[in-house]
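Me: Could you take a look at this one with me? I'd like to talk through how it is put together.
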Amino acid sequence: MTLIGDVARWFADPAHWQGSHGIPVRVLEHIELSGLAVAVAILIAAPIALYFGHVGRGGFIAINVANIGRALPSLALLAFALPISFALGLGLGFWPTLFALIPLAIPPILTNMFVAIREVDRDVVDAARGMGFKESQILRSVEIPLGLPLMLDGMRTASVNVVATATLGAIVAGGALGRFIVDGLALQEYDQLVAGALLVALLAIVTEVAFAALTRASAPPGMSVSR
Amino acid sequence: MTPGEPLIRWEWVAGHTDELTMRIGEHLELTAIAVLVGLVIAFALAFLAVRLPPLYPPITWTAGILYTIPSLALFALLVPYTGLSLLTAEIGLVSYTLLILIRNIVGGIRSVPSEVRDAALGMGYTPRQILLRIELPLALGVIFAGIRVATITTIGLVTVTALIGQGGLGYLILIGIQQFFSTPLILGASLSVGLAIVVDGVLVLLQRALTPWSRVA
């Protein structure tokens, strides 16, 4: 298979590992963009989810947000983000991609956080209340630790999705790993195309595996995480 | 997006109704093929997994890997072999439906209470009859939930196939991005979201029609 040889040669070429268009820079751009999008999404989703989860209201919001999130296609989000970015004078590239990724990441994070808090055994919460815990202490010391595995599960879904979608940023002249794919397609350079695809796929799988490990490690002693 | 350009030029929309209808049709066609082929493969693998339970983990594991690979990457990996074709788009789209469908079909069948199965067995049903007449109808609710998620996800993913020369409404989005013209951009994106909502509604109605007993509870 000559393509496999071509791809191997592409990876072996030192020129592809150097400078602002090199693999390390593109990987870092990809991680930076994805990490920032997930972080902003957590900052937006957490207060809402923790509040409603703790007081135990707004379940319909959680379910509807999850459904709406599923109906929002990634390319459509990018399409909506582009005029917004232009209106704000931020142009092409990084910003419209970030604006597209944040709403993509919010639904799974919000829904899982809400459910994670809600699902904590009410007897445990009542026991903590009976022991004189304040509401904020209950949230911080009981509900969040017990709900952590489920919360991380939502962040995992969001992160894998964001890593996958950050690839599309290259369509609006962004950097990151999508560059190799979009350029490879445009120039019909299949070695670059396949190499870029492999890198993105690898990054997505690494993200998935890392979060799975984190989820298992986050479970408080005595609690088993099934997955 | 040049300054002063309105987000949507309605006269462009009025002049392109034929193209819009065509793109919507294309979008639905790409989605329908993917979900139907996905269902056939998922049912085959799910039945296999129900018959031979040790096969279930490797099947979901493989489907899980396919699901994790970003769509654009999967399309890109296929292009050198199958070109910028409908086949490339469909292989990718079908791959993404498998995990959700297999999980829900197997989960639905397994959720049938064992007493029900035993009763059927006692009444002389063969394993095949139990599967087709007892387990599948009872699992239909869960299976339909999977079909809804798979279909909505596919409608979204179809837009990405514009990059490999397919795309339905995604084509409008791509044209909008390339020409800095917000009208097709916004229109393509809105219509694909609208399409997902409408199709989901149709599936809910279809499910109600197919499982009349679920309303009597």
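This is a predicted model: local features need pLDDT of at least 70, side-chain atom pairs count only at pLDDT 80 or more; totals for chains, interfaces and linings use all residues.

Me: How many residues of chain B are in contact with chain A?
Reply: On the chain B side there are 33 residues, and they are in contact with 33 residues of chain A.

Me: And which elements of chain B give two or more residues to that side?
Reply: Those are helices H4 (71–82), H7 (127–160), H8 (169–179) and H9 (182–210) of chain B, with H9(B) giving the most, at nine residues. By class, the side of chain B that touches chain A has 23 nonpolar residues, 10 polar and no charged.

Me: Switching to H7(B) and H9(B), at what angle do they pack?
Reply: The angle is about 165°, and their axes are 10 Å apart; an angle over 145 degrees counts as roughly antiparallel, so H7(B) and H9(B) are roughly antiparallel to each other. The crossing of H7(B) past H9(B) is right-handed.

Me: Which residues meet there?
Reply: Among them, H7(B) brings Leu140(B), Phe144(B), Ile147(B) and Arg148(B), while H9(B) brings residues including Leu195(B), Val199(B), Asp200(B) and Leu203(B). The contact of H7(B) with H9(B) has 10 nonpolar, five polar and two charged residues.

Me: What about the largest nonpolar core?
Reply: That core has 132 residues, and Ala105(A), Ala76(B), Ile102(B) and Ile173(B) have the most contacts inside it. Helix H5 (residues 94–118) of chain A gives the most to this core, with 17 residues.

Me: What is Ile173(B) in contact with?
Reply: Leaving aside neighbours within four places in sequence, Ile173(B) is in contact with Leu75(A), Ala76(A) and Ala79(A), and also with Thr159(B), Ala162(B), Leu185(B), Gly188(B) and Ala189(B).

Notes. Residues are numbered from 1 along each chain as its sequence is written. Chains are lettered from A and ligands numbered from 1 in the order in which they are written. Two residues are in contact if their C-beta atoms, placed from the backbone, lie within 7 Å. Helices (H or I, at least four residues) and strands (E, at least two) are DSSP runs, numbered from the N terminus. Ala, Val, Leu, Ile, Met, Phe, Trp, Tyr, Cys and Pro count as nonpolar, Asp, Glu, Lys and Arg as charged, and the others, Gly among them, as polar. Axes are lines fitted to C-alpha atoms, for helices over the stretch in contact, and angles run from 0 to 180 degrees between N-to-C directions. Angles under 35 degrees count as roughly parallel, over 145 as roughly antiparallel, 65 to 115 as roughly perpendicular and the rest as oblique. A crossing is left-handed if the near helix is turned anticlockwise from the far one by less than a right angle, and right-handed if clockwise. A nonpolar core is a set of buried Ala, Val, Leu, Ile, Met, Phe, Trp, Tyr and Cys residues joined through C-beta atoms within 7 Å. A residue is buried if 20 or more other C-beta atoms lie within 10 Å of its own, exposed if 12 or fewer, and partly exposed in between; C-beta atoms are placed from the backbone.
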